[in-house]
Amino acid sequence: MNKITAAITAVGGYVPDYVLTNQELEKLVDTTNDWIITRTGISERRILKGEGKGTSDLCVPVALEICRKRGISPEEIDLLIVATVTPDMTFPSTANVVTDKIGAKNAFGFDISAACSGFLYALDTGARFIESGRYKKVMVIGADKMSSIIDYTDRTTCIIFGDGGGGVLLEPNTEGYGLIDSILKSDGHGREYLHMKAGGSVKPATLETVTNREHYVYQEGKMVFKYAVSNMADAAKDVMVRNNLTADDIAWLVPHQANKRIIAATSQYINVPDEKVMMNIHRYGNTTAGTIPLCLWDYEKYLKKGDNLMMAAFGGGFTWGASYIKWAYDGDKVGK
Ligand code: UT7
């Protein structure tokens with residue numbers, strides 16, 4: 001029997017309605033539309049508004065869209081993995097909340113915390129369950145409500161992040177489509193440059209931590225930028241070399257959307273021209289675990305069966321990696 005690979009058979013995405021523009025940010029912090037566009041490429045991002053709404057509310061429409069497009073019931077899902085750093089609650093996992101909300105009664109679920117690389121970590125993990133032969137339908141969602149941990153008085157972070165999520169369904173394939181190879185890495189020393197100071201077991205929430213604004217993203221942008229540029233590009237290159245792929249073999253680069261300058265550095269390093277680079281950072285900003293599946297969602301109609309996709313990400317941890325996918329269906333035949 002041929003080897004089982006984990007093919008992506010459907011894609012879903014969701015961004016909330018509220019649009020936070022650069023012009024609105026100009027009124028909140030000392031910044032300009034021009035600075036934000038030049039330094040990051042971002043024009044606007046989406047924000048999930050409403051009392052009691054969390055990351056699971058970003059995941060539910062994603063999961064339901066995937067089920068609708070694939071023509072399956074949520075009860076057919078075996079496993080749901082949610083990549084997020086903004087879970088509804090510290091516990092239980094957001095995946096558990098989502099399976100309950102969508103009626104995925106036969107699924108088990110868990111979360112993966114790998115910041116902006118979360119979707120790639122979750123995808124690779126989900127693929128192992130499919131390859132084992134024991135699971136037939138694994139849903140992988142990357143979603144973050146970044147507005148819940150962003151300080152809207154800090155101009156160095158509030159301009160970058162937005163809320164949103166996307167996901168895919170993985171199913172067994174014996175014709176060689178799906179996830180072919182990944183390189184995933186982490187280096188904990190990078191936590192110094194990108195983290196949240198309080199709210200974990202080391203420094204639980206107190207009045208003082210709230211007063212000191214320690215429950216927000218802390219980032220030393222320049223340092224993160226430096227590591228992101230080299231590591232994302234190296235990971236993509238290494239996956240290409242290991243699989244004998246040249247730039248011409250790549251139909252699409254699917255990069256994490258953190259900064260258009262990081263994306264440009266990565267695509268230039270592996271020689272993939274701009275027209276083959278998925279990009280939606282100008283509309284959504286950095287949605288952390290949501291960026292890569294949101295790219296797939298936006299570009300699905302252009303994807304053809306057999307296309308080679310190279311996904312690459314870098315984020316807090318540090319975490320980073322790249323994944324090589326052979327696309328399994330013609331995207332233009334799928335309705336939204
Ligand atoms: O996805 C998770 C991983 N995260 C990333 O990959 C993010 C990586 N880092 C970045 O994308 C960039 O470092 C930022 C977008 C965060 C910052 O861009 P930068 O070009 O690295 O700016 P900088 O931090 O070097 O700051 C340059 C100047 C500084 O002023 P001085 O010291 O030169 O006078 C900043 O104070 O720009 C100033 N600045 C701003 N000015 C206007 C910083 N933020 C802003 C702002 N508006 N929002």
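**View 1. The cysteines: this structure holds 0 disulfides.** A disulfide here is a pair of cysteine sulfur atoms within 2.5 Å. C295 takes part in none, and the nearest cysteine sulfur, that of C116, is 13 Å away. C116 is buried, with a relative accessible area of 9%, and C295 is buried too, at 0%. Buried means under 20% relative accessible area (1.4 Å probe, protein chains only).

The model you are looking at is predicted, so local features need pLDDT of at least 70 and side-chain atom pairs pLDDT 80 or more, while totals for chains, interfaces and linings use all residues. Residues are numbered from 1 along each chain as its sequence is written, and side-chain values use heavy atoms, leaving out hydrogens and water.

**View 2. Helix α10, residues 291–299, is mostly covered.** Helices are DSSP runs (H or I, at least four residues), numbered from the N terminus. In α10, 9 of its 9 residues are buried, including C295, W297 and Y299.

**View 3. Helices around the ligand: α2 (33–40), α7 (221–242) and α8 (260–269) each supply at least two residues of the shell.** The largest share, 4 residues, comes from α7.

**View 4. Polar atoms facing the ligand, among them one from H256.** A polar side-chain atom of H256 lies 2.9 Å from a ligand oxygen. For R261, a side-chain N or O atom is 3.0 Å from an oxygen atom of the ligand. Taken alone, the ligand exposes 950 Å², and the protein buries 74% of that (Shrake-Rupley method, 1.4 Å probe).

How values were computed:
Buried means under 20% relative accessible area, exposed over 50%, partly exposed in between (1.4 Å probe, protein chains only). A polar contact is a pair of N or O atoms within 3.5 Å; within protein, one must be able to donate a hydrogen and the other to accept it, and residues adjacent in sequence count only if both atoms are side-chain atoms.
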